[in-house]
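This report goes through the strands, a helix, the nonpolar core and some ring contacts of one protein model. Please keep the sequence and structure at hand while reading.

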Amino acid sequence: KSIFDAGGHFTRLDVALDDFRGQITLQQIMDKSLKREVRTLFGRKNEDGSRRPCTIYIQPDFCSAPGVNDGLTVAFGKRGNGVYLRFYDKGVKEGINYPWVRTELELRDERADEMARKIINGGDNELGKLVAGILKTYVNFVEPSLTDSNISRWAISSWWSDFLGCVEKVRLTIQK
């Protein structure tokens with residue numbers, strides 16, 4: 001709040017949810033992503049208003065030293081844009097032998113400012129729900145239907161619903 005009061009703003013703000021219970025795995029995220037069994041706001045609109053599939057990056061960990069295997073990163077979006085999402089195995093990165101998948105949102109400029117405002121207005125107790133609500137807005141892993149080809153009507157995967165919990169979608173809307 002003091003940054004805004006002083007006339008400042010955020011150029012970048014990272015928020016994360018950690019799964020220590022094994023509710024989600026990188027393998028699940030990778031499989032769903034490769035099969036395009038994911039609804040997402042990441043991607044670009046075509047001239048006719050339809051949406052092109054987003055680019056999904058599956059790569060060695062984004063901050064690994066050369067020759068060091070710190071696991072994989074599955075990422076949505078483009079770094080440097082307003083919102084970038086990545087999933088990675090924090091347990092492997094830290095050398096810990098138990099499940100620890102980190103889901104991290106990297107927010108920039110106006111989106112970072114909007115997130116900071118939401119954190120200020122929601123208080124510390126609501127941060128996890130806030131991040132989960134934003135995730136629910138931006139990406140949902142789904143189960144394909146045998147009778148309906150429209151992905152927007154496919155059910156959300158139970159493991160993803162369990163991870164996010166009962167939260168409402170949260171938008172990081174900014175004025176144009």
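A charge sits over a ring if NZ of Lys or CZ of Arg is within 6 Å of the ring centre and within 35 degrees of the ring normal. Lys90 lies over the face of Trp100, at 6.0 Å from the ring centre. Arg117 is placed over the face of Phe4, with 4.8 Å to the ring centre.

The model is predicted: local features need pLDDT of at least 70, side-chain atom pairs count only at pLDDT 80 or more, and totals for chains, interfaces and linings use all residues. Residues are numbered from 1 along each chain as its sequence is written, and side-chain values use heavy atoms, with hydrogens and water left out.

**Strands**

Helices (H or I, at least four residues) and strands (E, at least two) are DSSP runs, numbered from the N terminus. Two strands pair if DSSP finds at least two bridges between them. Buried means under 20% relative accessible area, exposed over 50%, and partly exposed in between, with a 1.4 Å probe and protein chains only.

Strand E6 (residues 101–108) has seven of its eight residues buried, so it is largely enclosed by the rest of the structure. Strand E1 (residues 12–19) pairs with E6 in the antiparallel sense over eight bridges, and Ala16 has Glu104 in E6 as its bridge partner. Strand E5 (residues 83–89) also runs antiparallel to E6, joined to it by seven bridges. In this pairing, Leu85 stands opposite Leu105 in E6.

E5 pairs with E4 as well, antiparallel and over five bridges; the bridge partner of Thr73 in E5 is Tyr88. E4 and E5 form a hairpin with five residues between them, and Gly80 in the turn has a positive phi of about 95 degrees. Five of the six residues of E4 are buried.

Helix H5 (residues 127–138) has twelve residues, which at 1.5 Å a residue should span 16 Å; its end C-alpha atoms are 17 Å apart, which agrees. The expected span is 1.5 Å times one less than the number of residues. Buried residues of H5 are Leu130, Val131, Ala132, Gly133, Ile134, Leu135, Thr137 and Tyr138.

A nonpolar core is a set of buried Ala, Val, Leu, Ile, Met, Phe, Trp, Tyr and Cys residues joined through side-chain atoms within 4.5 Å. The largest one has 36 residues, of which Phe76, Phe87, Leu105, Met115, Phe141 and Trp160 touch the most other members. H5 supplies the largest share of this core, six residues.

What is Met115 in contact with, leaving aside its neighbours within four places in sequence? With contact meaning heavy atoms within 4.5 Å, the list is Leu13, Val15, Leu107, Leu127, Leu130, Val131, Ile134 and Leu172.

**Aromatic pairs**

Rings of Phe, Tyr and Trp (its six-membered ring) pair if their centres lie within 6.5 Å; planes under 30 degrees apart count as stacked, over 60 as edge-to-face and the rest as tilted. By this rule there are twelve aromatic pairs. Phe76 and Phe87 form an edge-to-face pair, 6.2 Å centre to centre and with 80 degrees between the planes. Phe76 lies in strand E4 (residues 72–77) and Phe87 in strand E5, so the pair ties together parts that are eleven residues apart in sequence. Phe76 is buried, with a relative accessible area of 0%, and Phe87 is buried with a value of 0%.

The ring centres of Phe76 and Phe141 are 6.2 Å apart and their planes stand at 70 degrees, so this pair is edge-to-face. It links distant parts of the chain: Phe76 in E4 and Phe141 in strand E7 (residues 139–143), 65 residues apart. Ring pairs link Phe42, Phe76, Phe87, Tyr138, Phe141, Trp159, Trp160 and Phe163 into a cluster.

**Residues with some exposure**

| Residue | Relative accessible area | Class |
|---|---|---|
| Ser158 | 52% | exposed |
| Arg36 | 42% | partly exposed |
| Asp109 | 35% | partly exposed |

Ser158 belongs to helix H6 (residues 158–164). The C-alpha atoms of Ser158 and Glu143 are separated by 8.8 Å, and the two residues are 15 residues apart along the chain.

Arg36 is found in the loop between helix H2 (26–34) and strand E2 (38–40). Its phi is near 60 degrees, a positive value in a residue other than glycine. Asp109, in helix H4 (residues 109–122), has a phi near 50 degrees, again positive in a residue other than glycine.
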